[in-house]
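My plan was to look up a few things and jot down what turned up.

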Amino acid sequence: MQHTPLSNQLPGLCALFLGVFLLPYQTSAKDELIIVSPHWEGIQYEFGIAFEKYYQERNGKEVQIRWRDLGGTSQIEKAIDAGYHATPESCQIDIFFGGGIDPFESQKAKGQLHPYRLPASILNQIPTSIGGFPIVDSEFTFYGAALSSFGVLENCRVIEYIDLPSVETWEDLTRPELLSWVSSADPRKSGSVHMIYEIILQAYGWEKGWSIIYQMSGNVRSFLQNSSAPTKEVAAGDAAYAVSIDINGMTQQAFLGKTNVQFQIPKGVSVINPDGIAILKGAPHLDVAKQFVEFVMSEEGQSLWMSATGKPGGAEKFGITRMGILPAMYEKDLQDLLVPLNPFQIDYPFQYNSQLGSHRWRVINDLMGQTIIDVHHTLKESWKALIQMPNSQEKSALMKKFSQPPITESQAAEYASFWGKDTIRARTIANQWMDDANSKFESIRSQASNPQLASHP
């Protein structure tokens, strides 16, 4: 009988050894889900652990969620687009979760979302739209997972101490006495802040809207890099007012108390906006992704937004304070929930046009960036000199010039058709906007500071 040398047997023995000892790990390996989201860590934590429990009960196995931190909504969109440009079949991410509704309209238009119709037991409970915004996309490529409002967080003590007015509309933020007391984030970095400026344009109209935006920007201390930073400035007393999405404002209000800071929604000139969720095209873990969307849109998932920490259905650690999308949940006593109102009982004063907002998203960002944010020092100096002028025809003429946008609304629509495609042409136009804005504001500052002009009757 011949014996096989031990050295020849080793490969087979090693394979057998690894097969026997790794088998339990292979069969019990966790499923995965990759999510990209601008949501803060409290939302990620609560939805993460709640879905893991949900998935374990439903499937008898564990799932691990990998949250990809790619920045704010605008940065996320750029990363998704770059991923599909590199590999058109998949960007290797399963879920896009949060960031308003316009980015989801944009991703749908690019063919980068995976349609998924929810089970009828969930879908039949969800309204198709609210205030002009879709909650259920007509082709089921995305859904509104929660509802957001937009408004102003005020520091009540600062306002009282230096005798500033309370703000009731966006237009109130243009008042001269608010100089350097307003805080805002850069809309190019935050989808929710972008929405505030688009709401102003649609609520007041193009000309009046830009007039408010330019004058309000003259009162802004500085444009910060993320959406939560302005409300933190107000909480610290460094600013008196912050334009903000409701979750950031109400989080500070819940923490500090309404006697210290208060979040208010401008009446008649704001909207309730769905916050989207979608499966991305080529999702590497498609079945898990479908189950996550089902969970978020179900009553179990929706309760996480609204119910208090420690209450049945509520969060474990972080109170989220968001409005859900199931009308039936508002039939409970709102005192038992973290939300201040029932969004399905509001008479919306104007219908927000989400397709318009999505179409011109990049153009508005560049208009804000090139003619306000990147020339903000010159703009502020111009505004400061302007508001110190005595009332006169000259002041009125300079104020009109200060508040005028460089293009018409029809031009913005024309530019939007090529803005994301012909980048050289777009950058040339945008650079010219900046040059013109610098010249305009410097000219206004010079004229407003001229003693002879200032004293003109």
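Below are my entries, from the whole chain down to one residue.

**Entry 1: the whole chain**

I noted before anything else that this is a predicted model. Then I counted elements and got 19 helices and 12 strands in the chain. For overall dimensions I looked at the C-alpha atoms, which fill a box of roughly 120 × 55 × 40 Å along the principal axes.

Next I checked burial: 53% of the 457 residues count as buried. The chain exposes about 20700 Å², and 51% of that comes from carbon and sulfur atoms.

I also looked at contacts with a separation of 6 or more, and 76% of them join residues 24 or more positions apart.

**Entry 2: strand β12**

How many residues of β12 are buried? I went through residues 272-280 and found nine of nine buried, so I wrote the strand down as mostly covered.

I remembered that side chains in a regular strand alternate between the two faces of the sheet. That made me sort the β12 residues by side. One side has Ile 272, Pro 274, Gly 276, Ala 278 and Leu 280, the other has Asn 273, Asp 275, Ile 277 and Ile 279, and all of these are buried. Both faces of β12 are covered, then.

Which strands pair with β12? Here is my list:

- β3 (residues 95-97) runs antiparallel to β12 and is joined to it by three bridges. Ile 95 stands opposite Ile 279 there.
- β4 (residues 113-114) is antiparallel to β12 too, with two bridges. Leu 113 has Leu 280 as its bridge partner.
- β7 (residues 143-155) is joined to β12 by six bridges, again antiparallel. In this pair Gly 144 stands opposite Gly 276.

**Entry 3: strand β1**

I moved on to β1, residues 31-36. Five of its six residues are buried, so the rest of the structure largely encloses this strand. I looked for its pairing and found β2 (residues 63-68), which runs parallel to β1 over six bridges. One spot I marked: Glu 32 has Gln 64 in β2 as its bridge partner.

**Entry 4: helix α17**

Which residues of α17 are buried? In this helix, residues 409-416, I found Ala 412, Tyr 415 and Ala 416. Looking down the axis of α17, I saw the buried residues fall within an arc of 100°, so they line one face of the helix. I checked this against a rule I know: an α-helix has 3.6 residues a turn, so residues three or four places apart point the same way.

What do those buried residues pack against? I wrote down α8 (206-219), α13 (354-359), α14 (361-373) and α18 (423-449).

**Entry 5: Asn 365**

Is Asn 365 buried or exposed? Its relative accessible area is 7%, and the cut-off for buried is under 20%, so Asn 365 counts as buried.

I then listed its contacts, leaving aside neighbours within four places in sequence: Ser 74, Pro 187, Arg 188 and His 194. I looked at one of these in more detail. His 194 is 171 residues away from Asn 365 in sequence, yet their C-alpha atoms are 7.4 Å apart in space.

Terms used. Residues numbered from 1 in each chain as written. Predicted model: local features only at pLDDT ≥ 70, side-chain atom pairs only at ≥ 80, totals over all residues. Heavy atoms only, no water. Buried < 20%, exposed > 50% of the residue type's maximum accessible area, 1.4 Å probe, protein only. Helix = DSSP H or I, 4+ residues; strand = E, 2+ residues; numbered from the N terminus. Arc of directions from axis to C-beta. Contact = heavy atoms within 4.5 Å. Pairing = 2+ DSSP bridges. Areas by Shrake-Rupley, 256 points an atom, 1.4 Å probe, with all protein chains shown as cover.
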